[in-house]
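Biologist: Please take a close look at the packing of the side chains and walk me through it. Keep the terms clear, as I am new to this.

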Amino acid sequence: MNERIPKAPPEILPVSNIEDRPLFSVMIPSYNCIHYLKQTLETVLAQDPGKDLMQIEVVDDCSTDGDVAALVNQLGKGRVSFFQQSQNRGSLRNFETCLNRAKGYYVHLLHGDDLVKPGFYEEIKSLFNKYPEIGSAITNYNWVDENEIQSDSSLDLLLTSGVLDNWLYKIASRQMLQAPAVVVKRSVYEKIGGFFAVHYGEDWEMWIRIASQYKVAYSPKCLATYRDGHNSNISTKSILSGENFRDLSTVIDIVKNYIPESKRKSIRHLAKKNFSISYAKYSYKLFKKNHANEKIAVKLALGALKFNINIRSVYWASRLCVAYLESFLRKNK
């Protein structure tokens, strides 16, 4: 337990000595997101079926931006449990604590800045009831940025609810999921272990690992919201620092072992291409959004091209170059 980033999947121990387990465990890892945590908790409590059916717990990794325990007590009024690490352990160890403290049959790892919409848990329960063989259930979701502007839904996989075909190859070639939209059977975590290896992309690795051993069901209803763009967001920090490409390379090397050998080369190439396009496009949008991030945008575009060179990545990197040149000329008139 001393390593902040486990080198192997941490063990998730089976639940013991609990006669009446809840159906759901909504485990909320938090770290320096107190300004968003209130809304996160409100969206869960608004559809709370009662403590017999749902465990709700915030697991805080020694936040420094406010009194998380006081917020949980004030808002939860005894309904929401609170646990705080004895020292800052890092996100992966905090996730591990969440999973081991979960008592329910289905575990929803809902990050402390993300949201669920009305009907999320009922829809997830219906998927598990209809498809008992699945290991995980997911819904469509959307994004919300730092200005509280929400996007359209992001995950149009099926027109109606059902088990996903060829899901392993689809999720291994592109990161399409975000944690608030995913619920996993606790027994799955007990078998395959927790999150490991990297800070960025650890969830992508987990979704591929699950898909390699279990069926996954999907609902097209947009019932979860992923929050992006604020400075305390791990993904944002990783992208701006360049850590994202290093970690994604590590994940791609790991997940090749989950894929049949005949598919490994093509899936690897497609994954690198898709990430390259995504970050090249993001670099341009980042530059246009905030010129204070010019150097970061250029670094991100170069990283995308190093990751994989393709027509679409070159297109977005070229647009960034033109915008950068125009900005330079305006400043030096």
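Modeller: A contact means heavy atoms within 4.5 Å. This is a predicted model, in which local features need pLDDT of at least 70, side-chain atom pairs count only at pLDDT 80 or more, and totals for chains, interfaces and linings use all residues. Residues are numbered from 1 along each chain as its sequence is written, and side-chain values use heavy atoms, with hydrogens and water left out.

Start with Lys170. Lys170 touches Asp165 and Met176, leaving aside residues up to four places away in sequence. Lys170 sits in helix α5, residues 167-173. Helices (H or I, at least four residues) and strands (E, at least two) are DSSP runs, numbered from the N terminus. With a relative accessible area of 38%, Lys170 is partly exposed. Here is the scale: buried is under 20% relative accessible area, exposed is over 50%, and partly exposed is in between, with a 1.4 Å probe and protein chains only. Lys170 and Ile267 are 97 residues apart in sequence, yet their C-alpha atoms are 8.8 Å apart in space.

Now the rings. A pair of aromatic rings is described by the distance of the centres and the angle of the planes. Rings of Phe, Tyr and Trp (its six-membered ring) pair if their centres lie within 6.5 Å; planes under 30 degrees apart are stacked, over 60 edge-to-face, and the rest tilted. The count by this rule is 15 aromatic pairs. Take Phe24 and Tyr121. Their centres are 5.3 Å apart and their planes meet at 70°, so this pair is edge-to-face. Phe24 is in strand β1 (residues 24-30) and Tyr121 is in helix α4 (residues 120-130), so the pair ties together parts 97 residues apart in sequence. Phe24 and Tyr121 are both buried. Compare Phe275 and Tyr279. Here the centres are 6.2 Å apart and the planes are at 10°, so the pair is stacked. Phe275 and Tyr279 are four residues apart in helix α10 (residues 261-289), which puts about one helical turn between them. Phe275 and Tyr279 are buried. Back to Phe24 and Tyr121: ring pairs link them with Tyr106, Phe120 and Phe128 into a cluster.

Rings can also sit under charges. A charge is over a ring if NZ of Lys or CZ of Arg is within 6 Å of the ring centre and within 35 degrees of the ring normal. Lys263 lies over the face of Tyr169, 5.1 Å from the ring centre. The charged end of Lys272 is over the ring of Phe307, at 4.8 Å from its centre.

Next, helix α12, residues 311-331. The expected span of a helix is 1.5 Å times one less than its number of residues. Helix α12 has 21 residues and should span 30 Å; its end C-alpha atoms are 30 Å apart, which agrees. Ser313, Trp316, Ala317, Leu320, Ala323 and Ser327 are buried in α12. Seen down the axis, the buried residues of α12 fall within an arc of 120°, so they line one face of the helix. The arc is that of the directions from the helix axis to the C-beta atoms. Ile311 and Cys321 are exposed on the other side of α12. The buried residues of α12 pack against α10 and α11 (294-307). At the N-terminal end of α12, Asn310 is the cap: a side-chain oxygen is 3.2 Å from the backbone nitrogen of Arg312.

That brings in polar contacts. A polar contact is a pair of N or O atoms within 3.5 Å; within protein, one must be able to donate a hydrogen and the other to accept it, and residues adjacent in sequence count only if both atoms are side-chain atoms. Glu205, in helix α7, is buried at 0% relative accessibility. The side chain of Glu205 has a polar contact of 2.7 Å with that of Arg209. Another polar contact, of 2.5 Å, joins the side chains of Glu205 and Tyr258. Among the residues that Glu205 touches are Phe196, Val251 and Ile254, not counting residues up to four places away in sequence. Val251 and Ile254 are among the buried residues of α9.

Last, two loops. Most residues other than glycine have a negative phi. Lys77 has a positive phi of about 50° although it is not a glycine. Lys77 is in the loop between α2 (68-76) and β3 (81-84), and is exposed at 67% relative accessible area. Ala197 is not a glycine either, yet has a positive phi of about 80°. Ala197 is in the loop between α6 (186-192) and α7 (202-211).
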